[in-house]
Amino acid sequence: MVDIYIIDLLIIGLLLLVVTLGSGWIARLPLSFALIYLVVGIVLGPYGFGLIQLRRDGIFNAEVLERITEFVVIISVFSCGLKIVRPIGWKSWNLTTRLIALLMPISIFGLAVVGKLLLGMNWGEAILLGAILAPTDPVLASEVQLTDTHDQDELRFGLTSEGGLNDALAFPFVYFGLYALKDSNWNNWLKSWISIDLFWAIAAGIMMGFVVAKAVVWIDKKVQKRRRPDELMEDFIAISTILLTYSLTEIVNGYGFLAVFVAGLVVQRSYKNSEKTLAQLEFIERLEKLLEVGTILLLGSILLFQPILNYATQSLLVIVLLFLIIRPLGVWLSTIGQSSSSKHRFLHPGSRWLIGWFGIRGVGSLYYLAYAFGKGLEGEVAEKISWITYTTIVVSVIVHGVSATPLMNMYERRIARSQAVHESSTIDEFE
């Protein structure tokens with residue numbers, strides 16, 4: 001009898017071959033690669049061939065999911081940092097600041113209110129749900145993020161920088177929810193949460209991301225002057241930067257996701273030769289795409305019809321309110337008076353609505369859910385939060401994946417028309 005592992009490899013190999021050779025056609029369709037992976041994952045799961053199993057004897061192996069999604073996220077946030085060449089400054093990063101400092105708390109609090117008032121949760125459970133679902137995903141949002149280091153589009157910049165940062169900065173609220181679950185008397189732990197999980201962990205993440213990345217770049221430059229590393233091995237410097245930054249930051253109780261994003265920004269600005277960072281970015285993006293396949297396959301394989309049906313009403317309530325009210329309204333409020341740094345005028349209303357719509361949920365939410373399992377989330381509340389999270393991600397993969405191509409094509413056409421009008425008026429003024 002053929003080993004199931006060998007069958008898994010066969011199917012994954014066929015899947016990669018099909019999506020790679022057919023990528024030219026798929027990219028033109030209102031269809032995302034993640035949706036294809038999700039369907040294949042379902043087929044490989046318990047309702048299909050049963051070839052991928054994260055459950056043994058009814059027990060879900062959350063640690064495997066946590067470690068896989070953790071690695072995928074740190075690769076992805078580093079990629080986000082590498083793509084951004086915009087100078088660090090208050091004006092140029094004003095949109096990102098608003099999306100992180102205003103939109104994310106609005107999203108978390110909005111979801112917490114839904115959990116408390118409409119889903120029958122206590123505040124600890126509700127805040128944990130909000131923290132898990134509030135971060136947008138940098139892995140599944142590649143179609144709406146910066147395409148390369150030359151892309152300066154304000155919409156894509158906002159979605160890229162938001163995805164790179166909010167997967168890290170949702171962590172304090174995850175801790176808040178977990179503490180509140182264990183001890184409903186907030187006075188017992190609130191001061192510690194503020195000093196350690198809020199201020200210290202964020203500051204340590206920023207500091208370690210800068211220091212470790214600078215150290216790796218310095219060592220790399222010194223070695224390069226004496227003897228250039230093997231060209232095939234050189235791209236692994238990016239992996240070493242990611243792993244060193246993440247691990248050392250976690251050791252000092254900082255937020256590793258934040259540190260890795262900062263490291264990506266530092267690396268992008270530390271080499272005079274732009275080909276160096278472009279090569280790293282290409283390598284990391286390929287690795288990111290491969291890891292996306294595995295993660296979404298796992299998501300598809302853990303879906304079960306009956307639990308989804310049991311929590312369908314609550315999931316639908318969260319999805320509708322999050323996608324159509326909380327996120328869009330939060331973006332609209334957060335970007336009032338926001339100007340486009342490249343054109344020195346207010347951000348176009350269409351761009352604001354697109355930012356509101358593309359709040360894609362995915363691997364980051366899976367990680368936070370698995371992390372919460374490892375920190376004691378269990379029982380009925382664990383079932384409720386997990387199946388609401390799974391369903392929300394699945395719906396996001398479908399609706400955002402289907403809408404990304406046509407909406408971004410419309411957006412690009414509008415930008416092209418706007419540039420044509422601007423160039424025409426400039427020529428007229430010159431004449």
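Buried residues account for 52% of the 431 residues in the protein. The model is a predicted one. Its accessible surface comes to about 20,300 Å². Carbon and sulfur atoms hold 66% of that surface. The secondary structure consists of 18 helices and 4 strands. Among contacts with a separation of 6 or more, 81% link residues 24 or more positions apart.

Helix α3 spans residues 33-44, and helix α13 spans residues 274-302. Their axes lie 7 Å apart, at an angle of about 45 degrees. The crossing of α3 and α13 is right-handed. On the α3 side, the contact is made by Ala-34, Tyr-37, Leu-38, Val-40, Gly-41, Ile-42 and Leu-44. Helix α13 contributes Glu-292, Val-293, Ile-296, Leu-297, Leu-299, Gly-300 and Ser-301. By class, the contact of α3 with α13 comprises 10 nonpolar, 3 polar and 1 charged residues.

Leu-181 has a relative accessible area of 30%, so it is partly exposed; the class lies between the cut-offs of 20% and 50%. Beyond its neighbours within four places in sequence, Leu-181 is in contact with Asn-122, Gly-124, Glu-125, Leu-128 and Leu-377. Trp-123 is 58 residues from Leu-181 in sequence. In space, the C-alpha atoms of Leu-181 and Trp-123 are 8.4 Å apart.

Conventions:
Residues are numbered from 1 along each chain as its sequence is written. This is a predicted model: local features need pLDDT of at least 70, side-chain atom pairs count only at pLDDT 80 or more; totals for chains, interfaces and linings use all residues. Side-chain values use heavy atoms; hydrogens and water are left out. Helices (H or I, at least four residues) and strands (E, at least two) are DSSP runs, numbered from the N terminus. Buried means under 20% relative accessible area, exposed over 50%, partly exposed in between (1.4 Å probe, protein chains only). Contact means heavy atoms within 4.5 Å. Accessible areas come from the Shrake-Rupley method with a 1.4 Å probe; for residues, only the protein chains shown count as cover. Axes are lines fitted to C-alpha atoms, for helices over the stretch in contact, and angles run from 0 to 180 degrees between N-to-C directions. A crossing is left-handed if the near helix is turned anticlockwise from the far one by less than a right angle, and right-handed if clockwise. Ala, Val, Leu, Ile, Met, Phe, Trp, Tyr, Cys and Pro count as nonpolar, Asp, Glu, Lys and Arg as charged, and the others, Gly among them, as polar.
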